[in-house]
Amino acid sequence: FRRVLFRSLNCMSEVNANILTISQTIPIHDWASVVLSFDISEMQIGLDELLRMLKKIKGLANVQLIAVE
């Protein structure tokens with residue numbers, strides 16, 4: 001389950017989601033919470049499709065969309 005953040009960011013990069021901020025808690029028992037904010041204006045796919053792609057990444061326990069501005 002290593003490199004989960006790397007795989008997540010790579011997935012987002014492949015569809016032109018522009019990462020703005022990354023906030024991560026200290027890992028406990030190999031698990032950490034990560035909150036990403038990103039710009040979707042240049043994305044090549046829809047937001048729902050990106051969420052589906054992220055949910056397929058091994059090691060991600062929960063993928064949620066919190067807000068869209």
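Me: How much space lies in the largest pocket?
Reply: Welcome! This model is predicted, with local features needing pLDDT of at least 70, side-chain atom pairs counting only at pLDDT 80 or more, and totals for chains, interfaces and linings using all residues. A pocket is an open set of points on a 1 Å grid over the protein atoms alone, where a 1.4 Å probe fits, with protein on both sides within 12 Å along at least five of seven lines. Counted as the space filled by probe spheres set on the points, the largest pocket holds about 1,300 Å³.

Me: Which element gives the most to the lining of the largest pocket?
Reply: Helices (H or I, at least four residues) and strands (E, at least two) are DSSP runs, numbered from the N terminus. Helix 1 (4-14), strand 1 (18-24), strand 2 (34-39) and helix 2 (47-55) each supply at least two lining residues. With six residues, the top contributor is strand 2.

Me: Why do the buried residues of helix 2 line one face of the helix?
Reply: The buried residues here are Leu47, Leu50, Leu51 and Leu54. The arc is that of the directions from the helix axis to the C-beta atoms. Seen down the axis of helix 2, these residues line one face because they fall within an arc of 100°.

Me: Which residues is leucine 51 in contact with, leaving aside its neighbours within four places in sequence?
Reply: Contact means heavy atoms within 4.5 Å. What covers the buried residues of helix 2, Leu51 being one of them, includes helix 1 and strand 2. With those neighbours left aside, leucine 51 touches Val63 and Leu65.

Me: What do the buried residues of helix 1 pack against?
Reply: In helix 1, Val4, Ser8, Cys11 and Met12 are buried. They fall within an arc of 95° seen down the helix axis, so they line one face. Their packing partners are strand 1, strand 2 and helix 2.

Terms used:
Residues are numbered from 1 along each chain as its sequence is written. Side-chain values use heavy atoms; hydrogens and water are left out. On a 1 Å grid over the protein atoms alone, a cavity is a set of points where a 1.4 Å probe fits but cannot get out, and a pocket is an open set with protein on both sides within 12 Å along at least five of seven lines; lining residues have an atom within 4 Å of a point. Buried means under 20% relative accessible area, exposed over 50%, partly exposed in between (1.4 Å probe, protein chains only).
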